[in-house]
Every structure is written in structure tokens, then in C-alpha cells.
Amino acid sequence: MDYGHSERPAGATPLPTAIKILVAGGFGVGKTTMVGAVSETRPLRTEEVLTESGVGIDDLSGVESKKTTTVAMDFGRITISDDLVLYLFGTPGQDRFWFVWDELALGALGAVVLADTRRLADCFPSIDYFEGRGTPFVVAVNCFEGARQYRLDEVQAALNLDPGVPVLLCDARQRESSKEVLITLMEHAMKTREARRRAAAAE
């Protein structure tokens with residue numbers, strides 16, 4: 001997404017470049033929390049209360065205290081610099097809402113895959129999705145209280161990630177921690193884009 005600078009009056013302040021970023025991961029991993037923590041505006045949320053109709057469908061193991069779920073997306077915005085604004089789209093984590101992913105992914109520069117070491121396997125669908133689309137992504141391990149801590153190389157090996165995929169720790173509740181994740185993603189996405197450009201030019 002680039003709103004560009006065309007047809008602007010001479011001397012007018014250039015419009016910032018707008019970049020779309022996805023925040024993905026399993027159910028209850030902290031996607032809504034991260035978008036809300038980092039957004040400079042009141043985030044748009046599409047949460048519904050979990051009801052008995054979800055029994056047997058929604059896996060609450062490890063997140064038994066969770067009372068709501070995202071059914072479409074979360075949306076927030078953060079200004080990185082005067083000429084760069086990130087628009088964040090938090091994806092729904094449950095399989096039954098995956099039909100909206102293709103729409104959310106259109107035009108995205110990259111993605112953050114949030115991980116919970118108590119339910120690490122929940123990352124695989126998101127990782128497979130972005131690898132299949134060729135979308136650059138980073139894995140951010142959300143450090144929940146009481147959860148066992150693993151070395152980053154252990155997480156990388158457990159998820160069978162390409163060595164070039166950044167893995168880092170974060171606290172999705174903290175703005176600065178979440179912002180560092182987004183900056184790491186931006187750097188990774190730019191490096192990936194440049195590497196692909198060079199590879200294409202060499203063919």
C-alpha cells in the first residue's frame with residue numbers, strides 16, 4: 001500500500017507511505033493485545049464473547065481464562081517516522097475464521113507470527129500460510145508469566161524455520177517491545193525484497 005506523492009500541490013507536505021502488516025498466530029496468543037498496545041489510535045476490534053456453542057470447536061487448553069475471540073480482524077496504526085505509517089491487521093486465530101485470511105493478506109508487506117511456548121504447535125498454520133505465499137515474516141515469542149522460557153535457537157529448531165527468519169522475544173502488552181518486533185519485521189521484509197530483486201536481475 002503506497003499512497004504516493006502524485007498530484008500533490010507544489011510545496012505541499014508529502015503524504016507518508018502506508019504499509020500493511022499482519023499480526024498472526026494461534027488462538028489466545030496475544031494478537032489483539034499487541035495491536036492494542038502499539039496502536040496510536042483506538043484500535044478497531046471485532047471480538048465476540050465465547051459461548052457454549054464453541055465447546056468442542058475452540059481449543060481453550062492453556063488459555064482457559066480467555067472470554068472473547070476475534071471473529072474478523074483487529075486494526076491499528078503506528079507512525080514509525082514522518083514518512084512511514086504502518087497499518088496493523090490482527091488475524092483471527094481460530095480455524096473456522098480462516099476464510100478471511102486471504103482478504104487480509106492482500107497487499108501486506110510482511111507478518112508477525114506470535115508464539116506461545118505453551119502451545120507452540122499453534123504457530124504452524126500461520127507459518128505454513130506465509131511461507132506458501134512468500135510473505136516475509138518474523139516469529140515473536142510472547143513471554144507469558146509462568147510459561148517455560150526457551151532459547152531462541154530452540155524455538156527456531158522446534159518450528160523448523162529457515163535460518164533467515166528472525167525469532168525474538170516480546171511482551172505483547174508493552175508498546176516498546178511490540179514496536180521493536182515491527183521494526184525487526186520491516187528490516188527483514190526490506191532485506192528479503194532486495195534479495196529477491198537481485199536474484200531476479202541475475203536470471
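**View 1. The buried side of helix α1 (residues 31–38).** Lys31, Thr32, Met34, Val35, Ala37 and Val38 are the residues of α1 that count as buried (under 20% relative accessible area, with exposed meaning over 50% and partly exposed lying in between; 1.4 Å probe, protein chains only). That makes six of eight, leaving the helix mostly covered. This is a predicted model, in which local features need pLDDT of at least 70 and side-chain atom pairs count only at pLDDT 80 or more, while totals for chains, interfaces and linings use all residues. Numbering runs from 1 along each chain as its sequence is written, and side-chain values use heavy atoms, with hydrogens and water left out.

**View 2. The whole chain, for orientation.** Of the 203 residues, 44% are buried. Take the contacts (heavy atoms within 4.5 Å) between residues at least 6 apart in sequence: 71% of them join residues at least 24 apart.

**View 3. Phenylalanine 75 against tyrosine 87, one of six aromatic pairs.** Rings of Phe, Tyr and Trp (its six-membered ring) pair if their centres lie within 6.5 Å; planes under 30 degrees apart are stacked, over 60 edge-to-face, and the rest tilted. Here the centres are 5.9 Å apart with 10 degrees between the planes, a stacked pair. Phenylalanine 75 sits in strand β3 (residues 68–81) and tyrosine 87 in strand β4 (residues 84–90), so the pair ties together parts 12 residues apart in sequence. Phenylalanine 75 is partly exposed, at 24% relative accessible area.

**View 4. Phenylalanine 130 and phenylalanine 137, a tilted pair.** The ring centres of phenylalanine 130 and phenylalanine 137 are 6.4 Å apart and the planes meet at 35 degrees, so this one is tilted. Phenylalanine 130 is buried at 1% relative accessibility, and phenylalanine 137 is buried too, at 4%.

**View 5. Charges over rings.** A charge sits over a ring if NZ of Lys or CZ of Arg is within 6 Å of the ring centre and within 35 degrees of the ring normal. Lysine 20 does this with phenylalanine 89, its charged end 4.9 Å from the ring centre. Arginine 118 lies over the face of phenylalanine 144, at 4.5 Å from the centre.

**View 6. The largest nonpolar core, 27 residues.** A nonpolar core is a set of buried Ala, Val, Leu, Ile, Met, Phe, Trp, Tyr and Cys residues joined through side-chain atoms within 4.5 Å. Leu22, Ile127, Phe130, Phe137, Val139, Leu159 and Leu161 have the most contacts inside this core. Elements giving two or more residues include β1 (17–25), α3 (124–133) and β6 (137–142), and the largest share, four residues, comes from β5. Leaving aside neighbours within four places in sequence, leucine 161 touches Ile127, Phe137, Val139, Gln156 and Val167. Apart from this core lies another, of 24 residues, with Met34, Leu109, Cys170 and Leu182 among them.
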